[in-house]
Structures are given as C-alpha cells and as structure tokens.
Amino acid sequence: VDPAQHPAFVDEIKRALEYHRLIRNKSATTLTGSALPGASRSTQRNSCVAGFKKAGEVLAGSELGLVVEPLNHIDHPGFFMTRADELAEVIDRVGSPNVRMLYDFYHLQVTQGNLIRDFLQYYDLIGYIQTGDVPGRKEPGTGETNYRNVFKAVHDKGYRGIVGMEHGL
C-alpha cells in the first residue's frame, strides 16, 4: 500500500526468487500491509497495482507465483486488503501470471461470506488456497463453514494445487 515501501518490497521479491531457484517452490505469500490513514482506497489500490506490477516484472519467466492474501478486518484491524472482489480488481490490473490471489476461506468467510460463489468467480485469479473454520480459525469441520460443500466446489472446479491448512488448536 505504501509507495515508500516499494523498493524494499522489490528487494524481498528478488530474494524470494533466489530462494525459488534453490528450492523450486511454486508460490510465495505476500500482504498489502496496513491502510494508509488519509489516503483514499483508490489511491491505495493504485499503489498496490504499481508495487505488484514491479514484482510481476521481477518474477516474469519464472515458475514462482506471488500470492496476495486478503486478511479479515476483525482479526487484523487496520489492514488494507480485506476483500476478494477488491483484490481481484488489483490483480486484474497488474496483469501478470506471476501475481495471483491467495484465497483464504477463513478470512473471506469472516469478511464477506459467499465462499463458493466468490471462489468460482475469481478462480482464474487464484494461485493458492488456505482454510480454517470460523470462529477462531480452527480445523475445517469444527465451525460454521460447510467444508464438505466448499471442498466439493474446489474439486469440481478442477483445482489441484496445494490447500494450506492454517489453523489453531
């Protein structure tokens, strides 16, 4: 979000690419950071686009995908990117196959719900999936999210990538 952080961000992307060349990982997670007080959402989105375009240029031609994770506003107050629809707009504007969405069913259930509809809508922009049940980011099947239906939709859509199980006890 903060354009003053773009040079350091690009340096981290270059470092991540060096690691990728050694370990052959397929994705690296990044965040947008906290919202900038006094800056419009449009200005902040534009800054994200500019920063992610720079990252996409560094990653061009590699197999490393940068996956951007929206975090929910309850567990992470003040965080800028909290919604899949807004992130989809940013990623679409970046236009790099190396910059994708991390679709975290936990965060997006807290923030906006409609998990399956939105997953299907943004599928072409998704590079990685994470799960955790609501409330409390617990193991899938312990809370309110119907993971039987969620995982069926993920499978039926053809996703065959890694599903990260990020949850607590």
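Which residues of the largest nonpolar core touch the most other members?

Author: The model is predicted. The largest nonpolar core has 43 residues, and those that touch the most other members are Phe52, Met101, Tyr103, Phe105 and Phe119. Helix α3, spanning residues 84-94, gives the most to this core, contributing six residues.

Charged pairs come next. The structure holds eleven salt bridges. In one of them, the side chains of Arg137 and Asp104 meet at 2.7 Å, N to O. Because Arg137 lies in the loop between β4 (126-131) and α6 (147-157) while Asp104 belongs to strand β3 (residues 99-104), this pair ties together parts that are 33 residues apart in sequence. Arg137 and Asp104 are both buried.

Asp118 and Arg117 form another salt bridge, at 2.8 Å from N to O. Asp118 is buried, since its relative accessible area is 3% and the limit for that term is under 20%. Salt bridges with shared partners also join Arg41, Arg45, Glu86, Glu89 and Arg93 into one network.

Arg83 pairs with Asp85 in a salt bridge whose closest N and O atoms are 3.0 Å apart. Here Arg83 is partly exposed, with a relative accessible area of 32%, and Asp85 is partly exposed at 33%.

Technical notes: Residues numbered from 1 in each chain as written. Predicted model: local features only at pLDDT ≥ 70, side-chain atom pairs only at ≥ 80, totals over all residues. Heavy atoms only, no water. Core = buried A, V, L, I, M, F, W, Y, C linked by side-chain atoms within 4.5 Å. Buried < 20%, exposed > 50% of the residue type's maximum accessible area, 1.4 Å probe, protein only. Helix = DSSP H or I, 4+ residues; strand = E, 2+ residues; numbered from the N terminus. Salt bridge = Lys/Arg side-chain N within 4 Å of Asp/Glu carboxyl O.
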